[in-house]
Amino acid sequence: ERLGVKLARGGLAACVGLGHSCARGWAVFNHWLVAPEREPTSSYVALIPLSDARLKPRRTNLIVGTLMLFAFMLAVGVFFLVPRGVSVGRIEVHSEFMSWNKTLRTFQLDLKADLPIVNPNYLQTNVYGSLHVLFYDAETGVGAIKNEKVPARARPHLIKVDIDASHVPSNYTLTIMEHCLGTLEPRTLIFFLKGRLHASYLFQTQHFTEIDTYFMIDCILIKSPTQQARLPATHCTNCTALDGS
């Protein structure tokens, strides 16, 4: 800084008698060359009490309350919307109507399957799929389930499926006649039940375990070969036991 002051003073002395333009130029040079004087800094430290309002964050209660409310709403949403597993209970198959004609070798069997669906979710779910009835290795009927709505917290909700199991091949029709009208024992018809169910909840799809079981239909002795029989529900068995009860 001292060197700059000396140069500035020397320049001004050299400009004496040369006019105002020289003096103005040295004034500009002096402005950039000579550093401005610094103000003296104070060595005192100001103490602020802890009770001062400037040390306290503003709107603390509002921020904390908003965060707590958001966390509570998030926990409630997760609790109510988290997907829970939908399950199917013990399937029961009832024979609603049976008729046959031994002369024409025709057979008709109408079944009704009861599917108890347990939905532990807090929103309804849609169940869809199909059930296939087989006599030995021949498929005799199919029952479709198309987007059956199961209410929330259903424990359980019963879905009834109608199945026409009359499509029996001619070579098996004679076997049915022998069991129900002839001398073959036991006097029951054993059918197999297979199928796959699915449940849709929000944006997710759940696949049930594949159904692969059997059920029994009791034969009623009929004197006339063209007589029709309506089987009450007491003659029906469930799908997981082969006890004829």
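Trainee: Leaving aside neighbours within four places in sequence, which residues is Thr 140 in contact with?
Mentor: Thr 140 is in contact with Val 133, Leu 134 and Phe 135, then Asp 164, Ala 165, Ser 166, His 167 and Val 168, plus Phe 191. Keep in mind that this is a predicted model.

Trainee: Where does Thr 140 sit, and is it buried or exposed?
Mentor: Thr 140 is in strand S5, and it is buried, with a relative accessible area of 1%.

Trainee: What about Ala 138, which element holds that one?
Mentor: Ala 138 is in strand S5. Ala 138 counts as buried because its relative accessibility is 11%, and buried means under 20%.

Trainee: And what does Ala 138 touch, not counting residues up to four places away?
Mentor: Val 133, Pro 169 and Tyr 172. Ala 138 and Tyr 172 are 34 residues apart along the chain, with their C-alpha atoms separated by 8.6 Å.

Trainee: Let's go to helix H4. Which of its residues are buried?
Mentor: In H4, residues 170-180, the buried ones are Tyr 172, Thr 173, Ile 176, Met 177, His 179 and Cys 180.

Trainee: Why do those end up on the same side of H4?
Mentor: Because they cover an arc of only 165° around the axis. In an α-helix there are 3.6 residues a turn, so residues three or four places apart point the same way.

Trainee: What covers them?
Mentor: The cover includes strands S2 (92-101), S3 (106-119), S4 (125-135), S5 (138-150) and S7.

Trainee: New topic: which residues make up the nonpolar patch on the surface?
Mentor: Phe 79, Phe 80, Leu 81, Leu 123, Leu 202 and Phe 203, with about 660 Å² of accessible area together. Phe 203 is exposed, at 86% relative accessible area, and is found in the loop between strand S7 (188-201) and strand S8 (204-207).

Trainee: What's the phi of Leu 202?
Mentor: Near 55°, a positive value in a residue other than glycine. Leu 202 is in the loop between S7 and S8. Asn 147, found in strand S5, also has a positive phi, near 50°. Most residues other than glycine have a negative phi.

Trainee: Where is there a cis peptide bond?
Mentor: Between Arg 155 and Pro 156, with omega about -10°. Pro 156 lies in strand S6, residues 154-164.

Trainee: Last one: which residues does UniProt annotate as a transmembrane region?
Mentor: The unreviewed UniProt entry puts that annotation on residues 62-82. In the model, this span is 95% helix and 0% strand, and its end C-alpha atoms lie 30 Å apart.

Terms used: Residues are numbered from 1 along each chain as its sequence is written. This is a predicted model: local features need pLDDT of at least 70, side-chain atom pairs count only at pLDDT 80 or more; totals for chains, interfaces and linings use all residues. Side-chain values use heavy atoms; hydrogens and water are left out. Patches are made of residues with over 30% relative accessible area and no salt bridge: like charges are joined within 9 Å, nonpolar side chains (Val, Leu, Ile, Met, Phe, Trp, Tyr) within 5 Å. Accessible areas come from the Shrake-Rupley method with a 1.4 Å probe; for residues, only the protein chains shown count as cover. A salt bridge is a side-chain nitrogen of Lys or Arg within 4 Å of a carboxyl oxygen of Asp or Glu. Helices (H or I, at least four residues) and strands (E, at least two) are DSSP runs, numbered from the N terminus. Buried means under 20% relative accessible area, exposed over 50%, partly exposed in between (1.4 Å probe, protein chains only). The arc is that of the directions from the helix axis to the C-beta atoms. Contact means heavy atoms within 4.5 Å. UniProt positions are given in the numbering used here, feature names are shortened, and annotations may be inferred rather than shown by experiment.
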